[in-house]
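Here are some notes for a colleague who is opening this structure for the first time. Please keep the sequence and the 3D view at hand while reading.

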Amino acid sequence: MSENIQKEDKFLMNEIKESTYTPILTMKDIVLFPQMMAPIFVGRKHSTVAVENAMLTKDHEIILLGQKQPDIENPTENDLYKVGVLAKIPQVLRFPDMSMKLIAEGISRVKVIKLIKDEGYFKCEYEELKDKKVEGKDVQALRNLTLQKFTEYIKKSTRLGIENLLSFDEITEAGRLADIICAYLNIKSEERQKILEILNTFERLKAVSKILSREIEFLFIEENLQEKVSYKLGKSQKEYVLREKLRAIKEELGVESGTDEVDELRDDVEKMAAPDYVKTKLQKELNKLEGMGIYSSETSVVRTYIDTIMELPWEKRTKDILDIARARKILDKDHYGLEDVKERILEFLAVKKLSKEPLSSIICLVGPPGVGKTSLARSIARSMNKNFAQVSLGGINDESEIRGHRRTYVGAMPGKIIKAMQDANSKNPLILLDEIEKMIPSHMGDPTAAMLEVLDPAQNFHFTDHYVDMPFDLSDVFFLTTANSIDKLYKPLKDRIEVIRLAGYTEEEKLHIAQKFLLPKQLKAHGIKKLQFNITKMTIKQIINDYTREAGVRELERTIAKLCRKFAVKLVDNQELKETITKENIADYLGVARYLREKTEKKALVGVVHGLAWTEVGGEILEIEACKMPGKGKLNLTGRLGEIMQESAQTAFSYARSRYKELNLPEDIQEKYDLHIHAGDGATPKDGPSAGIALTLCLISTLTG
């Protein structure tokens with residue numbers, strides 16, 4: 001005990017109560033000073049138990065001990081201060097919820113010597129601490145100065161009245177004056193605790209005087225700020241009064257008003273996550289709406305505009321997941337094949353993960369219908385944890401479809417990009433611009449030029465829709481485009497996209513897709529169990545070759561669905577039926593084959609040449625036939641040959657005539673014969689070389705026999 005006294009000179013031991021333990025009431029944010037009374041509300045269980053035990057003692061005494069952290073509900077010994085106040089409880093009021101309100105009267109400062117927790121509450125042995133009184137002229141001067149500061153504080157503070165000064169002149173003791181002034185100040189409990197622990201009365205009053213100076217300075221700063229904002233507060237109060245008067249006038253006139261709804265919208269605007277310029281614009285529109293009658297034709301226009309702006313995700317975003325392994329797993333699960341495409345998507349994600357800069361290239365998936373461009377985009381969005389929205393651009397010939405209509409027009413609405421942002425409900429979604437090559441310039445503007453602003457990272461961070469009429473940031477949007485062909489795409493737009501071609505599926509890929517994806521999907525859709533219905537591998541190949549002709553698998557899926565429907569009819573009559581579709585019985589379900597593949601003749605024929613051609617549905621054999629007849633050198637071309645192939649045929653005829661000596665042909669062959677060249681299956685669009693060699697060989701074979 002003597003060592004503790006040496007460490008803390010300011011604590012003087014007067015008397016140690018050894019025989020009994022006194023209950024402790026732990027205080028969250030209240031510090032009671034000696035010779036002062038205060039009401040205290042008690043709700044915690046350990047606190048109510050302590051009060052009940054204190055009321056069982058003769059003097060109803062309890063020790064008020066402060067917590068270091070007010071938010072701790074169940075404090076331990078380390079959470080409590082060592083110095084507190086011994087208090088007497090003259091009155092306790094109990095409530096039905098087991099809480100209490102008590103009046104506590106401070107007696108003296110005490111220091112905890114030994115603290116224990118027993119029966120759910122704290123109690124302790126303590127020593128009483130007495131003030132170290134200091135007298136002299138310095139103390140009197142400090143007392144007068146502190147009273148002057150407190151007078152100034154009361155005049156500036158709105159919490160206290162001048163009547164609080166009446167009894168202060170009678171207090172001559174410095175420590176008592178410091179305690180009372182500290183109780184009136186609006187300061188934190190930590191500072192009150194420090195004042196409580198100072199036993200030297202001169203030092204205590206000095207510390208309180210410093211706190212007073214600081215609080216007076218704060219009040220002075222608040223007063224200056226109040227003067228600066230008083231005009232703004234006056235204006236808002238004036239607007240409120242005028243709105244209330246307007247509401248009363250409308251009620252007297254019996255006019256329905258949407259003022260309550262407008263007030264609700266004002267609150268929603270203040271709470272919404274959006275830039276300040278958006279909120280300012282909406283407040284102006286709300287003021288306009290408030291002044292309109294409920295039956296005004298313009299009311300619905302303004303209200304629709306406000307709803308549109310509030311629905312936009314100005315600050316709402318989802319958390320991107322740039323996990324390459326996760327993305328690969330999702331892409332492989334959703335799509336068979338397309339290895340080059342998947343690899344490029346993974347490269348894109350890897351670069352996006354490593355680089356914080358926005359990527360300048362926009363991916364464009366180019367390929368014929370049905371190869372999985374849209375479903376691939378959905379899988380990419382899912383792999384990145386992005387919301388998905390789709391914009392169909394086919395047939396758009398109006399610039400306003402992209403940039404929106406100005407609100408001066410009747411029926412004005414935002415453009416497709418803003419609508420997509422509303423649908424996605426996120427600032428960083430994946431937006432699919434489908435069939436971007438099918439936008440058509442017209443007298444209403446060029447939508448492809450408007451799309452430049454959307455896709456250009458240097459411009460789209462302040463994209464302005466004519467309807468919204470405010471900049472909207474599109475820089476966080478992952479734009480993905482699709483096209484069947486980019487040959488006719490607007491050149492500046494073509495420069496901003498990176499093409500990934502989906503040429504179509506091979507026969508083997510279609511087979512795996514049908515087995516793993518299409519057949520199970522259609523069986524589930526038609527309510528057929530897997531063991532009841534099956535299609536053999538060779539039958540699926542036959543369906544691919546004889547009943548479908550496409551780059552993708554849409555027609556293949558429809559054909560499998562047709563088989564399932566026909567089997568479902570049989571299954572209704574016989575629930576135990578099981579069937580396997582084979583090459584022998586497929587005609588019973590689908591009829592005769594719709595397509596026949598060209599086959600080359602093993603025997604060589606005069607005037608017949610087989611070439612190879614590329615089509616959207618795969619490779620084809622192109623059979624070119626020619627024959628000669630008496631005439632005057634006329635060349636007939638049939639089979640819907642394109643312009644390039646017609647020129648190739650003319651060139652082949654000229655070549656054969658120019659080499660008449662090497663080919664042992666008459667010099668005047670063009671005056672003796674007419675030639676007829678025919679290309680079979682010419683209606684199917686084809687691509688590749690111009691078939692010049694095949695045409696030349698066909699003509700030479702015919703002429704030389």
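1. What percentage of the 705 residues of the chain count as buried? The share is 43%, where buried means under 20% relative accessible area with a 1.4 Å probe and protein chains only. This is a predicted model, in which local features need pLDDT of at least 70 and side-chain atom pairs count only at pLDDT 80 or more, while totals for chains, interfaces and linings use all residues. Residues are numbered from 1 along each chain as its sequence is written, and side-chain values use heavy atoms, with hydrogens and water left out.

2. The chain holds 22 helices and 20 strands, taken as DSSP runs of H or I with at least four residues and of E with at least two, numbered from the N terminus. Of its contacts (heavy atoms within 4.5 Å) with a separation of 6 or more, 72% come from residues 24 or more positions apart.

3. An open sheet is formed by 5 strands with parallel pairing, in the order β9-β10-β13-β8-β14, two strands being paired if DSSP finds at least two bridges between them. Its edge strands, β9 (388–392) and β14 (497–501), each pair on one side only, and from one strand to the next the twist averages 25°, with axes fitted to C-alpha atoms and angles running from 0 to 180 degrees between N-to-C directions.

4. Strand β8 (residues 362–366) runs parallel to β14 and is joined to it by 5 bridges; within this pair, I363 stands opposite E498 of β14.

5. Helix α12 (residues 373–383) packs on the sheet, where it touches β8, β9, β10 (430–434) and β13 (478–483). The direction of α12 makes about 170° with that of β10, the helix axis being fitted over the stretch in contact.

Note on methods. Buried means under 20% relative accessible area, exposed over 50%, partly exposed in between (1.4 Å probe, protein chains only).
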